[in-house]
Amino acid sequence: MKIIRAKDYKDMSRKAANIISAQVIMKPYAVLGLATGSSPVGTYAQLIDWYNKGDIDFSEVTTINLDEYRGLPREHDQSYWYFMHKNFFDSVNVQPDRIFVPDGSNPDAAEACREYDAIIQRAGGIDLQLLGIGHDGHIGFNEPGAAFELGTHCVDLTKETIEANKRFFNNDETLVPRQAYTMGIKTIMQARKVLMVASGADKAQIIKKAFFGPVTPEVPASILQMHPDFILVGDQDALSLI
Ligand code: F6R
């Protein structure tokens with residue numbers, strides 16, 4: 001495990017973007033596992049900036065996102081498909097046929113998850129997986145208690161996650177999807193490199209627990225202690241307790 005200290009969110013984003021950029025320069029046809037959420041938005045913005053300056057080219061890259069709400073069509077402004085296009089894909093040259101997000105519109109969970117695992121396999125596995133971390137230690141939608149050995153699967157969202165997400169659905173809990181398709185911990189652990197970004201004092205406690213406490217399914221991110229190439233880039237506030 002490597003921990004890189006950044007001054008603030010902007011610095012964290014630049015450092016994370018540098019690592020992704022190095023990956024793409026070393027392997028132009030790299031497979032990038034991507035995440036949504038507020039943590040990586042600055043990283044995407046930095047990559048867009050370098051793309052616009054001609055410093056990075058995504059034309060051969062494949063992207064495979066971590067998760068998607070079950071039951072939301074792609075066009076829904078809260079779908080992760082929509083988020084990724086708005087925050088990244090619409091501004092860079094990743095080829096549309098090399099962009100993968102779990103198919104939240106497929107009601108057949110077993111089929112949707114099986115197909116996603118097949119996509120990852122056909123791509124040759126993930127070279128670099130970008131992650132954020134939830135306050136309870138979740139990664140993707142793998143909530144506390146999630147089995148470490150799962151591939152892509154359908155999860156019921158916890159009360160806390162529904163509560164945390166309700167701000168994106170007019171603050172109406174009844175509009176928040178109840179399930180999601182997510183890569184499993186096994187999928188994440190099979191990525192050849194894992195890069196986590198964490199920012200803000202509200203993440204300090206969980207960062208300490210996940211990376212300086214026991215490895216346990218109760219703190220899903222803690223398994224990353226066992227990953228052979230795990231890099232945590234955190235800002236001062238997120239790393240303040242370690
Ligand atoms: C995003 C994802 C989630 C987030 C986590 C942290 O695709 O799967 O696990 O990474 O909830 O979210 P933020 O970055 O908004 O604090």
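The legends below describe an overall view and several close-up views of a predicted model. Residues are numbered from 1 along each chain as its sequence is written, and side-chain values use heavy atoms, with hydrogens and water left out. Because the model is predicted, local features need pLDDT of at least 70 and side-chain atom pairs count only at pLDDT 80 or more, while totals for chains, interfaces and linings use all residues.

**View 1. The protein chain as a whole has seven helices and ten strands.** Helices (H or I, at least four residues) and strands (E, at least two) are DSSP runs, numbered from the N terminus. The radius of gyration, taken over C-alpha atoms, is 17 Å, close to the 18 Å that the globule rule gives for 242 residues, so the protein chain is as compact as a globular protein of that length; the rule is 2.2 Å times the number of residues to the power 0.38. Along its principal axes the C-alpha trace spans about 40 × 40 × 35 Å. Of the 242 residues, 54% are buried, where buried means under 20% relative accessible area, exposed over 50%, and partly exposed in between (1.4 Å probe, protein chains only).

**View 2. The largest nonpolar core has 32 residues.** Such a core is a set of buried Ala, Val, Leu, Ile, Met, Phe, Trp, Tyr and Cys residues joined through side-chain atoms within 4.5 Å. Those with the most contacts inside this core are I20, L32, L34, L47, F58, F88 and L195. Among the elements that give two or more residues to it are α1 (9–26), β2 (31–34) and α2 (41–52), and α1 gives the most, with six residues.

**View 3. L47 touches residues that include I20, F58 and F88.** Contact means heavy atoms within 4.5 Å. Leaving aside residues up to four places away in sequence, L47 also touches A17, S21 and I56.

**View 4. Q23 lies in helix α1.** With a relative accessible area of 13%, Q23 is buried. Not counting residues up to four places away in sequence, Q23 touches A30, L32, D127, L128 and K193.

**View 5. M1, I3 and F212 make a nonpolar surface patch of about 280 Å².** Accessible areas come from the Shrake-Rupley method with a 1.4 Å probe, and for residues only the protein chains shown count as cover. I3 is found in strand β1 (residues 2–6) and, at 31% relative accessibility, counts as partly exposed.

Notes: Patches are made of residues with over 30% relative accessible area and no salt bridge: like charges are joined within 9 Å, nonpolar side chains (Val, Leu, Ile, Met, Phe, Trp, Tyr) within 5 Å. A salt bridge is a side-chain nitrogen of Lys or Arg within 4 Å of a carboxyl oxygen of Asp or Glu.
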